[in-house]
Amino acid sequence: MTDDVTTPASVLGEGSLDPQALETVIAAPPSRFRHDYLEVRDLRVVFDGFVAVDGVDLTVTQGDLRFLIGPNGAGKTTIVDAITGLAPATGSVRFGGVELVGRASHKVARAGVGRTFQTASVFDELSVLQNLDIAAGAGRGAWSLLRRRRTVPETVDAALETVGLTHLRDVPAGVLAHGQKQWLEIGMLLVQDARLLLLDEPVAGMSQAEREETGQLLQRIGEQRTVVVVEHDMEFLRSFASSVTVLHQGRVLSEGTVAQVQADPRVVEVYLGRSAGARGSAAGETGGE
Amino acid sequence: MTARLRLWGGFAVAAVLLFVVAPGALSDFRLNLLAKFLCLAMVAVGIGLAWGRGGMLTLGQGVFFGLGGYLMAMHLKLADAGPGGVPDFMLLYGDGTVPGWWEPFRDPVVTVVAILVVPTGLAALLGLAVFKRRVRGAYFAILSQALAAAFAILLIGQQKVTGGTNGLNGFKSFFGFTLADPLNKRMLYFIAAGVLLAMVAATRLLMRSRYGELLVAVRDQENRVRFLGYDPAGVKVVAYATAACFAAIGGALFTPIVGIISPADVGVVASIAFLVGVAIGGRATLLGPVLGAVAVSWAETSLSEQFPSFWTYFQGALFIGVVAFLPNGLATLGQVWRRRRAGPGIREDESGQPDDGTPRSAPEASLPADAPADALPGRTA
């Protein structure tokens, strides 16, 4: 147990990410990821006659760090829900050659797709270690489930290092600071061995320093895995996005690099025009789609 | 390893109390009553697992308790039957023939296997059907309650084969042992005590296993677990079926110990009564459900003897008091008290999760300063 840390300041001081340890978690033969890419074709989601997503096409390759942006109700979170089997969808979503539309959520997850939610949803009553151990264990058999955990899996240890929570591993996740919870979620995606990471506002509520660290971590992850980020924070987007898809009213409005998208007059009109200049005003929006 | 020491110490104390102190101190009548309470406590252990750890409000455990009890009663009636092999009540209400589906239960082995398999299997099937459709919360509670009501009505309606409202009673022997003999009654008590201890041990192993952690995760964030690649339905079914199995064994022992099983023991009221002890004792703890169930039953019996019409009010008041001031049950009284005493800002040496029986080493002492205050019950620092 590492609970001898008593002063809050020292806890926060240690709470930094360790990208070096990342290599251990996601170490895998590069060939394994070579053909991974997300291919969304003509995705439609309709809720009681309301068309939330209207024929979206999206291709995200491995090594890309794709940001999905758009005003409230543009369908960003709904697309993530549709990919992960939470919202009923038509069309096609393929990842690594596997069709995901129509699959149950847990089978989508087993196909290598991991996601986070807008509100950090960790298991509050379980310790940080237990959270990660559960995330790492979807493939466990009944026998290993029915026994106690004797040793900490190597990937879990490395993920703890990566997200800077080693010193808090026996603390209930419920008492973590907001940013630490978000990091724990990213750690859970890593040990889950998700090859497609769908992150819904991963830096919401984080301090500027935490954002920097998170962004760099996501870039490192994005080199080896496919990462899609739904985000409102324009500053964060400009710093870390390698490509951007702008959504508006359930459709793809524009796609390209940050510069290309910012130069697109349609984007300026519906979205960036209102919020690109003033940093933070876009972050005030809540993606309630 | 103090935790391990405490665990074995606890089991040793419980064993001494159940196997030495209670038989020595109690009259045969009281010991038989305690045996009955232990059977109810078996149901409570299962409810603690399914409800406390798994979040499934099982308002219909009477069904599985009743299945176990009736299966046992059928065997006892057939074994007691006189010449012709027809139980007395069938001669009274029916046409004097034993229905075909009763016949297998003449065999004691078939009976024991059926008690272990039928209710558990039924719970597994039911659980799969319900949890796969993501029925949960109040809807699940209402569904299980309705099942208990339907089961009781079915039993009453089929008087020719179930004894109707009277249930099955008047057993003379238990697998060849005469029930009139106080020594055999004592043996039944020891069986119940041993089975209960085994169940508590099994539950403890399950709670501390990876499965136990997963079950809590499903209770608190079912969707999150789903997106980690697990099927929550499967996780829940295991806990639900285990609870059903415990309830069935409790019912099977209840029948010879009490001498009767009737629709009143398995219906809606009985099913809710199972829950009261669990809630008062502490649903998510290991021993809370057991102690709560035994204490509430004990209080019911002794208070009813003193004040025949007073018990219901007392039970209601106790329930309200516990839910209002100790929502996690009396088992958490110590933790709440320690936290109060420690006061704000003082480092605590011992604290655990409010509804978690597992000792942890001072997790709250190393809180980040900006942790949300509402995450720390009882602390204002």
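Two residues are said to be in contact if their C-beta atoms, placed from the backbone, lie within 7 Å. The legends below describe a predicted model, in which local features need pLDDT of at least 70 and side-chain atom pairs count only at pLDDT 80 or more, while totals for chains, interfaces and linings use all residues. Residues are numbered from 1 along each chain as its sequence is written, and chains are lettered from A and ligands numbered from 1 in the order in which they are written.

View 1. Helices (H or I, at least four residues) and strands (E, at least two) are DSSP runs, numbered from the N terminus. A residue is buried if 20 or more other C-beta atoms lie within 10 Å of its own, exposed if 12 or fewer, and partly exposed in between, with the C-beta atoms placed from the backbone. In helix 9 (residues 210-220) of chain B, 9 of the 11 residues are buried, so this helix is largely enclosed by the rest of the structure. Among these buried residues are Tyr211(B), Glu213(B) and Arg219(B). They pack against helix 5 (128-135) and helix 6 (142-145) of chain A, and also against helix 2 (28-53), helix 8 (182-208), helix 10 (222-226) and helix 11 (232-258) of chain B.

**View 2. The antiparallel sheet of chain A.** Two strands pair if DSSP finds at least two bridges between them. In chain A, 4 strands form an open sheet in the order 2-1-4-5, with antiparallel pairing. Its edge strands, each pairing on one side only, are strand 2 (50-61) and strand 5 (98-99) of chain A. Strand 1 (residues 37-47) and strand 4 (residues 90-95) of chain A run antiparallel and are joined by 5 bridges, and Arg44(A) has Thr90(A) in strand 4 of chain A as its bridge partner.

**View 3. The mixed sheet of chain A.** Another open sheet is built from 6 strands of chain A in the order 6-7-8-3-9-10, and its pairing is mixed. Strand 6 (113-115) and strand 10 (251-256) of chain A stand at the edges with a single partner strand each, so one side of each is left without a neighbour in the sheet. Between strand 7 (residues 196-200) and strand 8 (residues 226-230) of chain A, which run parallel, there are 5 bridges; Leu196(A) has Thr226(A) in strand 8 of chain A as its bridge partner.

**View 4. Chain B as a whole.** The secondary structure of chain B comes to 15 helices and 4 strands, and buried residues make up 45% of its 381 residues.
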